[in-house]
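Open the model in your viewer and keep the selection panel at hand. The tour below goes stop by stop.

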Amino acid sequence: MAQASTNMRLKLPITCFILEIILIILFGVLVQYNHETDAKEWYNETQSGHSNYENDFYYRYPSFQDVHVMIFIGFGFLMTFLQRYGFSSVGFNFLIAAFSLQWATLMQGFFHGMHGGKIHIGVESMINADFCTGSVLISFGAVLGKTSPVQLLIMAMFEVTLFAVNEFVVLSVVGGASIDAGGSMTIHTFGAYFGLVVTRILYRPNLDKSKDRNSSVYHSDLFAMIGTLYLWMFWPSFNSAVTAHGDAQHRTAMNTYYSLAACTLSTYAMSALTAHDGKLDMVHIQNAALAGGVAAGTAGEMMLTPFGSMVVGFLAGIISVLGFKYLSPILEKKLKIQDTCGVHNLHGMPGILGAIVGAVTASVATVEIYGGGMEAVFPDVADGTIDASFQGVRQAIALAVTLGIALLGGLIVGFILKLPVFGAPPDTVCFEDSIYWEVPGEEPGHEDQLTAVRMEECDKLNG
Amino acid sequence: MAQASTNMRLKLPITCFILEIILIILFGVLVQYNHETDAKEWYNETQSGHSNYENDFYYRYPSFQDVHVMIFIGFGFLMTFLQRYGFSSVGFNFLIAAFSLQWATLMQGFFHGMHGGKIHIGVESMINADFCTGSVLISFGAVLGKTSPVQLLIMAMFEVTLFAVNEFVVLSVVGGASIDAGGSMTIHTFGAYFGLVVTRILYRPNLDKSKDRNSSVYHSDLFAMIGTLYLWMFWPSFNSAVTAHGDAQHRTAMNTYYSLAACTLSTYAMSALTAHDGKLDMVHIQNAALAGGVAAGTAGEMMLTPFGSMVVGFLAGIISVLGFKYLSPILEKKLKIQDTCGVHNLHGMPGILGAIVGAVTASVATVEIYGGGMEAVFPDVADGTIDASFQGVRQAIALAVTLGIALLGGLIVGFILKLPVFGAPPDTVCFEDSIYWEVPGEEPGHEDQLTAVRMEECDKLNG
Amino acid sequence: MAQASTNMRLKLPITCFILEIILIILFGVLVQYNHETDAKEWYNETQSGHSNYENDFYYRYPSFQDVHVMIFIGFGFLMTFLQRYGFSSVGFNFLIAAFSLQWATLMQGFFHGMHGGKIHIGVESMINADFCTGSVLISFGAVLGKTSPVQLLIMAMFEVTLFAVNEFVVLSVVGGASIDAGGSMTIHTFGAYFGLVVTRILYRPNLDKSKDRNSSVYHSDLFAMIGTLYLWMFWPSFNSAVTAHGDAQHRTAMNTYYSLAACTLSTYAMSALTAHDGKLDMVHIQNAALAGGVAAGTAGEMMLTPFGSMVVGFLAGIISVLGFKYLSPILEKKLKIQDTCGVHNLHGMPGILGAIVGAVTASVATVEIYGGGMEAVFPDVADGTIDASFQGVRQAIALAVTLGIALLGGLIVGFILKLPVFGAPPDTVCFEDSIYWEVPGEEPGHEDQLTAVRMEECDKLNG
């Protein structure tokens, strides 16, 4: 494939400046404080009986910060497992997340937050923007090491837009409203399948020329565990961040906590069981142990029970390890899907599992179980518009719609990213920081010959 | 000692699957949402006048997440100081914590959370489960590097059970109720002495064959500082997480903050003072600086004053460094206690100090100082059942009971763990990841001969 | 320069013990629980109608913990970028922060928290103490690698005192009250210019003898990104931690969030644009991407709008990268300011930008925009004492006062630190851990010759 120069001297600044200036202008025209962040409006609310502790900030800001850590540290460090791609993993994650959360504010606001022609924002929109960003970062995991930062920004721009469309369709349109507070469908399934199609379109037949760098070293695996653990610890906050106040937030966090704990045990079990010498594989621990959070994303808000949550997490861990061990190699060989981080195993299959669990759990909801709390979880069932089994059908439709938009969107965006103008790395220098970064040596106090050789190579490319 | 194969291919999966399936069944039979996580019950409460912001979730969830970070990142990374044991430190910490928190939910619920034959759970039980897990991880620190993951799971199973028994006895039975919100006794003293006895029973006379790996390298000490700092920063949340709402939570966090700050200065002072060349020792900084949190675990909730807290922290730092420097070598040589992480110095002695401070502080409590707030801290003193000095006696008894159960429990569990079926590593391959983990090379891009040699060695063992 | 021995065996313990004992005595004499941490007082408040959820703990403690992480992990790890100074960066950061927060409690209490001769403390004073500590750590960044821990403690003692004086003058005296909740002036501008003057006075003409260590290695840059990201993620909490409850806290966090996001994009753009080969520079990403948080420190609380916040952040990123690229080398060559971490670019210029933005935004405040919420942000404007444009003037005066006290204070303290009794490292052994720390080898399992040579060298010095 004819490649443009990978030199980012003009490409990246131009892209960043154009995008940011557009963002700033659109924010200036469209975005306003909502009633809880506006000095005048909130003052008026306090005059009419509200107290400061009822400001949504105090219900949601701790969860927001946990989600924020997942996005920047969690995703960023999870991807540092590659031996020579730590700067890019953390650094590009940082860049595209900072862009995506701004763009998501606009797109999500446009589709479901307009008030009199203006987008009103507060802590809940910030969480939703971070959620949408999470979806982009999942797709980033699929193409990790094989894309330029400009490609990633372009991908993010389109994916955020499609995410907002899908979210709007799923949560507001499709036969009424589906439930997906933790985003098993809208975030994980969407992000995974979108990314998988993109990486399929960007298939590199000669990627094995970079094979020696497509693996970890001892310290890079430890850095990645920082990412894993922050994702694992804060997933209860992720799934509960935008659920209804009170019991719903509380219950969702707890369900996710038990789902993840059960998932961790099945992950360790499967990792040892599937290794010929019984040795644990860091890839499984870093990824599959998180599948329980993904799988509890839809039903976590429901009366799933801790028992149900643990069953779901237990299965998610098993599925995920099996995926890494047996399915990913097949996807790569037969379907030409080069999924660097194995997002299909962490976000794809567990996301679908979560969607199915959500549909089933919704379809068996009864007033005996939910009482007056039905209103907060399934408003349409509570007010008699539909019965619970139809809510289950809605959930299933939502999954189908999500898959459709993700696959079609990924297809189109993949071809756009294939245009040879974005400075993608050549097959010989994938998974390599020094093509886009000034890279110091490995060891203190003496020159690193390997680095020197690599950088020279890259300098030639950057022409 | 005749060792079983260290190959975990069957041992670990069987253990994990059996334990998790038992957990799932017991959760299905016994565990229910409490009134704040149940949709129907909380709805009914809101109908009878409660507001969503009164849900315990908003009082405790931020503290819970801080505690959660301490358990998984704090303990996990603190133990990565060993040069070749980072995967195991973080990874086994992750595994046994994920197991322990589930098992602790059941055991603690069984002993002090049953309602009509069911265990009711919510954010407070999640914090307590994490607390109990912390105790297991302290014991893990004592045996670090010398145990298989199966041994650790078996240890956790027994230790969690005994922890719940001790907690029940100490907080509910022993002459009424003792106070130990931050667990100087129930968590730190218990975990430390339990672990010390276990490591004594598992004494390895030939452990010096693994001596060259029982130390740090430059980067592993930096990773360990991540653990240290998270423990240090969030200890105020740990000690205050389950205290009474309002002033008690607020005061406990503040007391712990000042105790830790004072402890840090005395730790640095003692570390330089006890070195022949005045150089600071990372072992002291990583561990002793935390002793102020341990020592404020019982009295932190009381009207200890910031002044009192600082005195306690100051002493804890001094004791802890002296322990590392002079006592640990003696314990190893004379008493054959091989305490890898020096838990005696971080959790053992400071825990006892904390218990004593708690007893003294309790015994001088007066209505002049506590006013109507006495009720929340010392209910039995407030209602006249006992006087304050007897509360002090109770606290002392609680310490004695804790030590007794820890020592006896550790003895029994140590002998169980000695059974040669759990795949413990041989003396020559302790403190070594590659016996239980697929380990990549140290350096990017060229083969690591050392690793290759080690893995070959381990492969022979795994036969 | 004639140097005292760098051996810390007596110097450091004596300094730490004297300081801590003074602190403990002063706390014993002067410090009391405030009405929200005192058992009796809070109980009485609940009897007169307050609820536990109105305790300031629940409004501010999550923000406090975020700030706390910024101080210990954020600043600590940000400075680990140096290849051989990780122990000192994290470890001295830890030491001087633990000292400063105690001393700040006293100094800030003395200047603006006395009640009947006593200093009353709670979560807000803890946040303010951490803020003051942040200022000291900024100055630490300027002198990083060239100072002994004793020098740093002495610097902290003086700087905390001057910080409290300046804060008192700026927030209470200067023509009434200025607004600076996130500390663009009082924290960032003050800390940066104070540190820059100190490092100027401590100018080392032969520092290039340590040049080979004054740079990063691959892994040290990744450790530094942990610091960067925690600062970045939690800056919204930093700026909003002590603003008024309700909309002000909510709005400040959100403004900061968008300022940082915009800043990140302009930072990446400028980093690529100013490199001859378009490669991103970790120094810029680690530092300049944070400038948006600094620059939103004064106006973040105001009705700056998300649009305004983004403009500010966008400019801050540009200024900061330009500073690193072009201004820092000039400052070093022409003005002899050796600014190790480039605090002028991250805290100095963006702090001044933030002060100016604050002055302008204040001067255009109107009742139309703020409504009844004017009271909480600009009390003097709300009650008609002054008009908004004069509030703008006040803000400008506050900046001038801050700069004046910082420059003059830094001058005096710099000369004090120059006294050759504090064990500063010689020019040949700057940026080197092994002069003050026991340092293990770099690589597992074989001796590190380089380390051995260095330590021998240092041992001679400590002789």
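What follows is a walk through cavities, salt bridges, chain contacts and one glycine. Keep in mind throughout that this is a predicted model.

**Stop 1: the cavities**

Begin with the whole structure. A search finds 11 cavities of 30 Å³ or more.

Now colour by element. Helix 3 (56–78) of chain A, helix 3 (56–78) of chain B and helix 3 (56–78) of chain C are the elements that give two or more residues to this lining. Helix 3 of chain C provides the largest share, seven residues.

**Stop 2**

Move to the second largest cavity, with about 240 Å³ of space. Its lining has 21 residues, and the closest to its centre are A:Pro62, A:Asp66, B:Asp66, C:Pro62 and C:Asp66. Show helix 3 and helix 8 (218–240) in chain A, chain B and chain C: these are the elements that give two or more residues to the lining of the second largest cavity. By type, the lining of this second cavity divides into 15 nonpolar, three polar and three charged residues.

**Stop 3**

Over all chains, the structure holds 21 salt bridges. Side chains of opposite charge can pair when their charged atoms come close.

Select A:Asp56 and A:Arg60. They form a salt bridge, with the closest N and O atoms 3.3 Å apart. Both residues lie in helix 3 of chain A, four residues apart, about one turn of the helix. Is A:Asp56 buried or exposed? A:Asp56 has a relative accessible area of 7%, so it counts as buried. A:Arg60 is buried because its relative accessible area is 4%, and the cut-off is under 20%. A:Asp56, A:Arg60 and A:Glu124 are linked in a network of salt bridges.

Next, select A:Glu432 and A:Arg84. These two also form a salt bridge, with the closest N and O atoms 3.4 Å apart. This pair links distant parts of the chain, 348 residues apart. A:Glu432 sits in the loop between helix 17 (388–418) and helix 18 (449–462) of chain A. A:Arg84 sits in the loop between helix 3 and helix 4 (86–112) of chain A. Both A:Glu432 and A:Arg84 are buried.

**Stop 2: a salt bridge in chain B**

Switch to chain B and select B:Arg251 with B:Asp247. Their side chains meet in a salt bridge at 2.8 Å, N to O. Look along helix 9 (residues 247–273) of chain B: the two residues are four apart there, so about one helical turn separates them. B:Arg251 is buried, and B:Asp247 is buried too.

**Stop 3: where the chains meet**

Show chain B and chain C together. The contact between them takes 77 residues from chain B and 80 residues from chain C. Chain B and chain C bury about 6,900 Å² between them, with 72% of it on carbon and sulfur atoms. How many salt bridges are there between chain B and chain C? The count is zero.

About 6,800 Å² is buried between chain A and chain C, and carbon and sulfur atoms give 71% of it. The salt-bridge count between chain A and chain C is zero.

**Stop 4: a glycine in chain C**

End at C:Gly313, in helix 12 (residues 305–335) of chain C. C:Gly313 counts as buried because its relative accessibility is 0%. Display its surroundings. Not counting residues up to four places away in sequence, C:Gly313 touches C:Ser259, C:Ala262, C:Cys263, C:Ser266 and C:Gly292. Finally, draw a distance from C:Gly313 to C:Ile337. They are 24 residues apart along the chain, and their C-alpha atoms are separated by 26 Å.

Technical notes
Residues are numbered from 1 along each chain as its sequence is written. Chains are lettered from A and ligands numbered from 1 in the order in which they are written. This is a predicted model: local features need pLDDT of at least 70, side-chain atom pairs count only at pLDDT 80 or more; totals for chains, interfaces and linings use all residues. Side-chain values use heavy atoms; hydrogens and water are left out. On a 1 Å grid over the protein atoms alone, a cavity is a set of points where a 1.4 Å probe fits but cannot get out, and a pocket is an open set with protein on both sides within 12 Å along at least five of seven lines; lining residues have an atom within 4 Å of a point. Grid points are joined across faces, edges and corners, and a volume is the space filled by probe spheres set on the points. Ala, Val, Leu, Ile, Met, Phe, Trp, Tyr, Cys and Pro count as nonpolar, Asp, Glu, Lys and Arg as charged, and the others, Gly among them, as polar. A salt bridge is a side-chain nitrogen of Lys or Arg within 4 Å of a carboxyl oxygen of Asp or Glu. Buried means under 20% relative accessible area, exposed over 50%, partly exposed in between (1.4 Å probe, protein chains only). Contact means heavy atoms within 4.5 Å. Buried area is the accessible area (1.4 Å probe) that two parts lose on being put together, summed over both.
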